[in-house]
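Work through the exercises below with the sequence and the structure at hand. Each task is followed by a solution in steps.

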Amino acid sequence: MIRVGRGGLLLALAFAATGCSGVQSALSPSGVEALTIDPLFWTSTWVGVVVTLMVVVVVAIALYGPKDWRARLGGNWLVVGGGIVFPVVVLTGLFIYGLLVMQAGALRSQEAGEGTVTITGKLWWWEVIYSGPNGEEVVSANELRLPVGRAVRLRLLSDNVIHSFWAPQIAGKLDMIPGRVNEVVFEATKPGVSRGQCAEYCGGAHALMSFYVVAMEEAEYAAWLQREAQPAREPATPEETRGRDLFFANGCGACHQVRGTEARSLIGPDLTHVGSRLSLGAAALENDPQAFARWIADNQHIKPENLMPPFRQFSDEELSALAAYLDSLE
Amino acid sequence: MSWGGVPGWRSIASGAAIVLLGAGLLGGAFILSGLYNVAASSNHFDITNFIIRLTLARSVETRSMGIEPPPDLSDERLARLGARHFALGCAPCHASPSTSQNPIAAKMYPAPPPLSHAAEEWDAEELFWIVKHGLKFTGMPAWPALERDEEVWALVAFLERLPEMEGRDYAEFSGTGGERSASALTFAPDRALEETVEMCGSCHGDARNPPVHPLAPPLAGQKEAYLRRALSEYAAGRRPSGIMEPMAAALGPSQIEAVAQHYARASLSPPGTSVDADADAAARGQAIAMNGLGEDGIPACRSCHAAETSGQFPRLDGLPAEYIATQLSLFQSGVRAGSAYSAIMAPIARRLSKEQIEDVAAYFAARSPGDGTGDTAGSEASQ
């Protein structure tokens, strides 16, 4: 029995060693819902481990045990007890526990969260609309900011195919279904950055349809939302100005919105404050000026099949001007 | 052996093998000796000629099966466009009603036949096949851009009319009348700009005449950088066109520069004989051009195709609907894919339905060429 226990320990170590505590791990919960799901996961896992060990022990006895032990196992009691009564009791228990967790989540979703964020699954990115300080719509993309300790209601939509919104550290996944509004309440328990991912295959660039979740202290969040609601800042340097001119001369506003300018199309992600986001291309690239340049000219290699055409006409100098402008949109 | 009972078979088989081997050796010796006369100055035997012509006729007939002529094949404007290419691309070898055959071309073997009666000898689809694919071992080349069937049909439309054409009709039809002789119809890098532009205008129209056909768009007022790029792409074979590629290739960089400048500053040509635009289609097209169709991922055309945007984005106002629709379908089918700019336009064109293409084309065609200033996307939406 001691040897078997060591094996269970090895299993637990293996989980830890394979990086299960990363930014996109359900095993590092930092949201109220994820924290209730977490014990369910571990309970199920350990029940499974214990049942497996019991089966292994019984099989080992049946094969190699002393004669009288084997004779004792030959009775009907094992079939009735281990094959019917035990599974019914254990699985019913787990089922009820699972239902209770789900019910708790559903009840939380019915409670009105304070402030609502509408997230729409696009091909293949996320449109994120906050309600601003004065109740106005604040359009952003590919990043969800949350105030720590406050329940926020998310309205999940899709205008194309079915996506599934999953931020593993904060909560369970919930599908985005065209023509429906699914609601879930998110509440971050501590500040920090985690990562989410579309969890329902939705076509070409599905694997690179990700996002970051940034949980911030309430005061910090309020200040951030205030800034996010502002129109874009004006270019401050000659290079940024040149970048802005290139942005408009090359028709970027045909698909992107930069609030406060004439670019106001919502086909692609809103870029009003793109410089302050953690990633580009729905978490396909870490955000820095070079990433902007790479994305503009070579996005079809970075994220194949995404709907933005590659803009290869720019010289290196023009690309860095464009990158400087976009990076300045904080 | 199982067939030992029929001893004759083995002798016949080995006899045949010896004969074949002998024939092969003799044939090889004949070829390697150089005794066969490949001179164009000496004719084929009658039997050789017969076999070659029969093979050619049968091949053309079989391979042109299933080709459908377009509905506008009898359109006189299409024939006029074809006639202009004929004067430059075909008449130098085949002669024309107003020119006799070049003595050099006449000594080709087989000599390029006069085409005055080609349409009586061949069906339209057979002519199309020959013009598009050329004929092996005759000197007849294939169309430089196999992707551009509509250009080949222009030539066929002209050949269909050629049998009834007198010299003077032909000169008028092909734009080689007046002071222009057929031999003047060549581009050369050292030609004076006025002469070059006069030749461009022969198809694309000028201050007095509208373009001969919608596929040859009016050029006056087009953006200079775009014209320069279009001509360079034609010259380098990156933008396929059997008509424009040879013209642009003959111009050379300095002429391309001068022509682009000239048309960017030229005064506008009179509008072509446009079919009455469908007002409903133009209105639907306007909605797409000004605001795009967000739900289909189609951006507003005007965001790029406006006067104040990059000089590489062409002005579309006043261009013929047929030209715009043709170009959009070339983007859709991947024919126009040779530049960084086509990589932008192609995915957008693929999002447009056939009806949306027609609507957008109707909208731009109904605009007057001077429009499009201070008129970017969304400005009408806000009214």
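**Exercise 1. Domains of chain B**

Task: In this predicted model, state how far apart the centres of domain 1 of chain B and domain 3 of chain B are.

Solution. Start with the bounds: chain B is divided into domain 1 (73-183), domain 2 (193-265) and domain 3 (279-366). Then take the centres over C-alpha atoms; for domain 1 of chain B and domain 3 of chain B they are separated by 33 Å.

**Exercise 2. Domains 2 and 3 of chain A**

Task: Describe how domain 2 of chain A meets domain 3 of chain A, giving the residues in contact on each side.

Solution. Step one is the division of chain A, which gives domain 1 (2-11 + 24-110), domain 2 (116-229) and domain 3 (238-328). Step two is the spacing: between the C-alpha centres of domain 2 of chain A and domain 3 of chain A there are 22 Å. Step three is the contact itself, where domain 2 of chain A contributes 19 residues and domain 3 of chain A contributes 16. On the domain 2 side, β3 (137-141), β9 and β10 of chain A each supply at least two residues. By class, that side of domain 2 of chain A has twelve nonpolar, four polar and three charged residues.

**Exercise 3. A sheet in chain A**

Task: Give the strand order of the open five-stranded sheet of chain A, and identify its edge strands.

Solution. The order is β4-β10-β9-β6-β7 (chain A), with mixed pairing. The edges are β4 (143-147) and β7 of chain A, since each of these pairs on one side only. From one strand to the next the twist averages 25°.

Now go through the pairs:

- β6 (residues 163-166) and β7 (residues 174-176) of chain A are antiparallel and share three bridges.
- β6(A) and β9 (residues 192-198) of chain A are also antiparallel, joined by two bridges.
- β9(A) pairs with β10 (residues 210-216) of chain A over six bridges, in the antiparallel sense.

A:Phe165 has A:Leu174 as its bridge partner in β7(A), and A:Cys198 as its bridge partner in β9(A). Further along the sheet, A:Gln197 has its bridge partner A:Ser210 in β10(A).

α5 (residues 218-229) of chain A lies across β4 and β10 of chain A, and runs at about 135° to β4(A).

**Exercise 4. A helix pair in chain A**

Task: Classify the packing of α7 (residues 289-302) and α8 (residues 316-328) of chain A, and list the residues in contact.

Solution. Two packed helices are described by the angle between their axes and the distance between the axes. For α7(A) and α8(A) the angle is about 120° and the axes are 8 Å apart. The crossing of α7(A) past α8(A) is right-handed.

For the contact, α7(A) provides A:Pro289, A:Phe292, A:Ala293, A:Ile296 and A:Ala297. The residues from α8(A) are A:Leu319, A:Ser320, A:Leu322, A:Ala323, A:Ala324, A:Leu326 and A:Asp327. Sorted by class, the contact has ten nonpolar residues, one polar and one charged.

**Exercise 5. The two chains**

Task: How many residues of each chain are in contact across the interface of chain A with chain B?

Solution. Chain A contributes 18 residues and chain B contributes 21. Sorting the chain A side by class gives nine nonpolar, five polar and four charged residues.

Key:
Residues are numbered from 1 along each chain as its sequence is written. Chains are lettered from A and ligands numbered from 1 in the order in which they are written. This is a predicted model: local features need pLDDT of at least 70, side-chain atom pairs count only at pLDDT 80 or more; totals for chains, interfaces and linings use all residues. Two residues are in contact if their C-beta atoms, placed from the backbone, lie within 7 Å. Ala, Val, Leu, Ile, Met, Phe, Trp, Tyr, Cys and Pro count as nonpolar, Asp, Glu, Lys and Arg as charged, and the others, Gly among them, as polar. Domain bounds come from an automatic or database domain assignment. Two strands pair if DSSP finds at least two bridges between them. Helices (H or I, at least four residues) and strands (E, at least two) are DSSP runs, numbered from the N terminus. Axes are lines fitted to C-alpha atoms, for helices over the stretch in contact, and angles run from 0 to 180 degrees between N-to-C directions. A crossing is left-handed if the near helix is turned anticlockwise from the far one by less than a right angle, and right-handed if clockwise.
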